[in-house]
Amino acid sequence: MLEIKNLVVQIEDKRILNGLNLTVNNGEVAAIMGPNGSGKSTLSYVIAGKEDYEVLDGEIILDGQNLLEMEPDQRAAAGVFLAFQYPLEIPGVASMTFLKAAMNAQRKSRGQDELSTPDFIKRVNAAAAKLEIPKDMLKRALNVGFSGGEKKRMEILQMALLEPTFCILDETDSGLDIDALRIVSEGVNALRSPDRSFLVITHYQRLLNHIVPDTVHVMSAGRVVKSGGKELALELEANGYADYRESEAA
Amino acid sequence: MPAVQETIDQVRSIDVDQYKYGFETEVEMEKAPKGLSEDVIRFISAKKGEPEWMLAWRLDAYKRWLTMTEPSWARVSYDKIDYNDIYYYAAPKKNPAPKSLDEVDPEILRTYEKLGIPLREQEILAGVEPERRVAVDAVFDSVSVATTFKEELKKAGVIFMPISEAIREYPDLVRQYLGSVVPVTDNFFATLNSAVFTDGSFVYVPPGVRCPMELSTYFRINEKNTGQFERTLIIADKGSYVSYLEGCTAPKRDENQLHAAVVELVALDDAEIKYSTVQNWYPGDAEGRGGIYNFVTKRGDCRGKNSVITWTQVETGSAITWKYPSCILRGDNSRGEFYSIAVSNGMQQVDSGTKMIHLGKNTTSRIISKGIAAGKSENTYRGLVSAHRKASGARNFTNCDSLLIGNQCGAHTVPYIESKNASAVFEHEATTSKISEDQMFYCQQRGLSEEEATALIVNGFVKDVLQQLPMEFAVEAQKLISISLEGSVG
Ligand SMILES: Nc1ncnc2c1ncn2[C@@H]1O[C@H](COP(=O)(O)OP(=O)(O)O)[C@@H](O)[C@H]1O
Ligand SMILES: [Mg+2]
């Protein structure tokens, strides 16, 4: 379970999150929607532990652990995974090499043995096949020269292999064509389980037709201003965010 | 946390001194009197049982050296070296010239064991595929203590032995080639080396022979206040091939030690020499105390047509590195290659690069240099590409990339290009980058620690060059790079 209480965050003296509250239960898929600039990516970065963001108040508790006291890699080992809106390129490092390094680093911090190479390759091949990722892509340097869709698929591949308990998808649907959207969504749905929760950040109802959320939260000006069931997303699709922008002024 | 503990932790966390080879071996040594003089040179020559011409050659070099001044153009700074405060010869007292491994001081054998260098052929043979074998010449301070697989190589016609032995056994070959690539008066350090060189390896591969195994030399400086003046000469006769690797380590000491080597390569028609270096001399501590001054002249002469010389270097050690492995592309259609990874951390200073001198027609060269600077180090690439008037069709491609870790280090690129032939085509690319915070965060988000992430990104950065190393050394080099950068982040 993830609990965020009264989170206040600023960057370079600019307040971005203003007392945000959010709870995501185990096994729950929570969607976050909201206008551009409302602080959705900031929220995902702060959960994952990016530097530069100054947390002035509040707490983030994942399964009883205070995330704000942990380094990003410790949070990852504790189960936090962020599928980036803009995945980074790592020149010269084959995707395979990166995957192995990441999996073994997390295993190490959890006190598990390193994966044997055959075991690792078996896992990667199985997961890559499901996401229709060709083998030669795994040999290429991570994200270097990948199309937008390929990068997003690679994020989901990492998510599948690292088996996190709390997954954040930051606009994973942006830049995906219909087929890629289907593949990625199926990949995410396959990972849904009673002890894994998701925070799905998106602008569009479109993604939520594929990844059907349990709850929908509307963010505006650094706060969750309305929460509801999946029908809330449809309502937003029809009416836009206009109603909620007013609450900024309020 | 109490203040004292905090200070200790802090110091520990910035300590770059991760050098794993800094132990010292206790063996009784015989040394020449301290300092440099004609007498000391005579002493060295006598110890080696050299012929008269060799002594004359040394003495001539010494006279010339006395008239020369130390170069100051490199981007490095250090206290003046007192050349009379150095021992120029140090050899194990017990059996300085062992005939077999059984005669080698067990303490020295243990040293190489600790360094992970196999000297016992039987042990190497057990469970190793024939093509994976490596013949080793082990040089301890001023003498070679063991050379493996000599007999087997001899059957193939390959001569691989300490140069001091070659001077006695193959004087004509040595005399013909010694100093023919790096002339006695080439530069201050090369001239010094010519006067006082002690040991190093000699390789001769006869026409048409592909050397049946990797050759390598491991240099170890052990004795205090002792300089190491290695001299290596490799000759690949017509149509032959040889791959050679050198490695080097030294104990941790507070004083600086001098290593002034000369390496000469000669490739005749259609011959190929691959020369790889994994340089891991003691780099000094985090404050810049101690460490090796590595002032080295390495040059290859593509003397014959269609010959190829490839230099690959992984430089992680030494307090100061001053080193420009070069190729003289004399034969028509000859090719020179230089692949370099130079890592500097702490207070290390590196000024390294290459020279590609195009003299023959249709000669080609390729330079790939990857400099990685961390800590408070300074890392300079200095390179010259030149085409002679007659070098029609000369081509060069140069790519110099620098990666900075932290913001207290420096990376510099100093390329010189001289072309006297209008048909020469020289291309030069250079980049300087930093590991971005976003890249770092991305890696950490996947569970990698800051250090693991740095090592991974650095390995990606140097991949093109690592691929040039013989397989078994590439892995070693990769580990070495990670170790050298430990403590560079955080
Ligand atoms: N590094 C930064 N420096 C300054 N302002 C930033 C930075 N990152 C985000 N912001 C600002 O914070 C606000 C929220 O941004 P973001 O979290 O990216 O919103 P969203 O993902 O909802 O579009 C925006 O006004 C944005 O300009
Ligand atoms: Mg965003």
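Predicted model: local features only at pLDDT ≥ 70, side-chain atom pairs only at ≥ 80, totals over all residues.
Just after the helix, Gly447(B) adopts a positive phi of about 105°.

Let me turn to the aromatic pairs. Across all chains, a search of the whole structure finds 24 of them. One is formed by Tyr45(A) and Phe441(B), in an edge-to-face arrangement, with 5.9 Å from centre to centre and 75° between the planes. Tyr45(A) belongs to helix α1 of chain A, residues 40–48, whereas Phe441(B) belongs to helix α10 of chain B, residues 437–445, so this pair joins two chains. Both partners are covered: Phe441(B) is buried with a relative accessible area of 5%, and Tyr45(A) is buried at 17%. Tyr45(A) has a further contact, for the charged end of Lys50(A) sits over its ring, 5.1 Å from the centre.

The ring centres of Trp65(B) and Phe188(B) are 5.3 Å apart and their planes meet at 40°, so the pair counts as tilted. It links distant parts of the chain, as Trp65(B) lies in helix α3 (residues 52–66) and Phe188(B) in helix α9 (residues 188–196), 123 residues apart. Trp65(B) is buried, at 9% relative accessibility, and Phe188(B) is buried as well, at 7%.

These two residues also belong to a cluster linked by ring pairs. Its members include Tyr62(B), Trp73(B), Tyr78(B), Tyr83(B), Phe189(B), Tyr293(B), Phe295(B), Trp322(B) and Tyr324(B). Elsewhere in chain B, Arg231(B) lies over the face of Phe197(B), at 5.8 Å from the ring centre.

I close with the metal site in chain A. Which residues coordinate the magnesium ion, ligand 2? They are Ser41(A), through OG, and Gln85(A), through OE1, at 2.1 to 2.6 Å. Ser41(A) lies in helix α1 of chain A, and Gln85(A) in the loop between β6 (80–83) and α3 (95–109), so the pair ties together parts that are 44 residues apart in sequence. Gln85(A) is buried, with a relative accessible area of 14%.

Helix α1 of chain A therefore holds both Tyr45(A), which takes part in the pair joining two chains, and Ser41(A), one of the residues at the magnesium ion.

Notes. Residues numbered from 1 in each chain as written. Chains lettered and ligands numbered in written order. Heavy atoms only, no water. Phe/Tyr/Trp six-rings, centres within 6.5 Å; stacked < 30°, edge-to-face > 60°. Helix = DSSP H or I, 4+ residues; strand = E, 2+ residues; numbered from the N terminus. Buried < 20%, exposed > 50% of the residue type's maximum accessible area, 1.4 Å probe, protein only. Lys NZ or Arg CZ within 6 Å of the ring centre and 35° of its normal. Donors = N, O, S within 2.8 Å, 3.2 Å for Na, K, Ca; no water.
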